[in-house]
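Work through the exercises below with the sequence and the three-dimensional structure open beside you. Try each task before you read its solution.

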Amino acid sequence: MRVLVTRPEPAAAKTAAALECLGHVPVFLPLMQATHQLEAFASAPLPGTTVLAVTSAEAMRALVACSKEASRHFLSLPVFAVGHATARAAHEAGFETVSVADGDGLSLAKRLIATRDPKAKILYLTGTPRSSDFEAALADAGCTVEIRECYRMSPVAYQESEIAQRLTPMPEAILVYSSETARRLGELHDRMRSSLEWPRTRFLCLSEKIANALPEEFRRTSQWPMQPREDLLILLL
């Protein structure tokens, strides 16, 4: 089966390897790219910060990209990661104590609220654009959160000829990992509605929330796993 991988490197390569092990043919078309904002690590966490929260492995890659002198101020903190992929990235970055939530921002917020010291500060390493669910849940619980944006996700521009080359024949499935990518797929559809065989593909989304960001006509052929985990997503193939 031809499967379109829309996520950026280095995550795309890992996804492609998993697909190939199952006999599928990965097709690469990253729709977003990350730019690290290393100035986010220029100063140490605020006094009283006792935990670090991350909702994307990209935040850990940004931390690894900064100097050892800057990163040492953060590595002593326990990490609360949104899911297993982000937790692995935290361990690879050098963190020793890593707790794992159930794959979405709300479950991460609940885990932090249940275990935190009410007087403690939470440092949230994040990017833009992002969902507001995690921050809103912490604010409702009265948590003190320092937010540092350490990366920005920007759209990747393609010529229509390049898109047509990669998507001909049309992949039987498209893996969708973020709401922003879902919206970008809608833009591609608007540009190339008549030149690609969109009706023949399924949209496999990491979560129902992401599926809801797809154009309405794509939602009829969308699926998502019971938990927002890539291994469960790939099983939908």
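**Exercise 1. Pairing inside the open sheet**

Find the residue in strand 8 that T126 stands opposite, and then describe how the strands around this pair are arranged.

Solution. T126 stands opposite E149 in strand 8, where helices (H or I, at least four residues) and strands (E, at least two) are DSSP runs numbered from the N terminus. Before going further, note that this is a predicted model, in which local features need pLDDT of at least 70 and side-chain atom pairs count only at pLDDT 80 or more, while totals for chains, interfaces and linings use all residues. Residues are numbered from 1 along each chain as its sequence is written, and side-chain values use heavy atoms, with hydrogens and water left out.

Strands of a sheet pair through backbone hydrogen bonds, either parallel or antiparallel. Widening the view, we find an open sheet of 6 strands with mixed pairing, in the order 3-8-7-4-5-6. At its edges lie strand 3 (32–36) and strand 6 (98–100), each of which pairs on one side only. On average, neighbouring strands of this sheet are turned by 30° against each other, direction ignored.

**Exercise 2. A helix on the sheet and its partner**

Determine which strands helix 4 touches, and at what angle helix 2 and helix 4 pack.

Solution. Helix 4 (residues 84–93) packs on the sheet and touches strand 4 (49–54), strand 5 (79–81) and strand 6, contact meaning heavy atoms within 4.5 Å. The direction of helix 4 makes about 175° with that of strand 6; here axes are lines fitted to C-alpha atoms, for helices over the stretch in contact, and angles run from 0 to 180 degrees between N-to-C directions.

Two packed helices are described by the angle between their axes and the distance between the axes. For helix 2 (residues 57–65) and helix 4 the angle is about 15° and the axes are 8 Å apart. Helix 2 and helix 4 are therefore roughly parallel to each other, a label given to angles under 35 degrees, whereas those over 145 count as roughly antiparallel, 65 to 115 as roughly perpendicular and the rest as oblique.

Finally, list the residues: A57, M60 and V64 in helix 2 meet A85, T86, A89, A90 and A93 in helix 4. By class, this contact has 7 nonpolar residues, 1 polar and no charged, with Ala, Val, Leu, Ile, Met, Phe, Trp, Tyr, Cys and Pro counted as nonpolar, Asp, Glu, Lys and Arg as charged, and the others, Gly among them, as polar.

**Exercise 3. A strand covered on both faces**

Decide whether the residues on the two sides of strand 9 are buried or exposed, and name the strands that pair with strand 9.

Solution. In a regular strand the side chains alternate between the two faces of the sheet. In strand 9 (residues 173–176), A173 and L175 on one side and I174 and V176 on the other are all buried, that is, under 20% relative accessible area, with exposed meaning over 50% and partly exposed in between (1.4 Å probe, protein chains only).

Strand 1 (residues 2–5) runs parallel to strand 9 and is joined to it by 3 bridges, with V5 opposite L175. Strand 10 (residues 202–205) also pairs with strand 9 in the parallel sense, over 4 bridges, and here R202 is the bridge partner of A173.

Key:
Two strands pair if DSSP finds at least two bridges between them.
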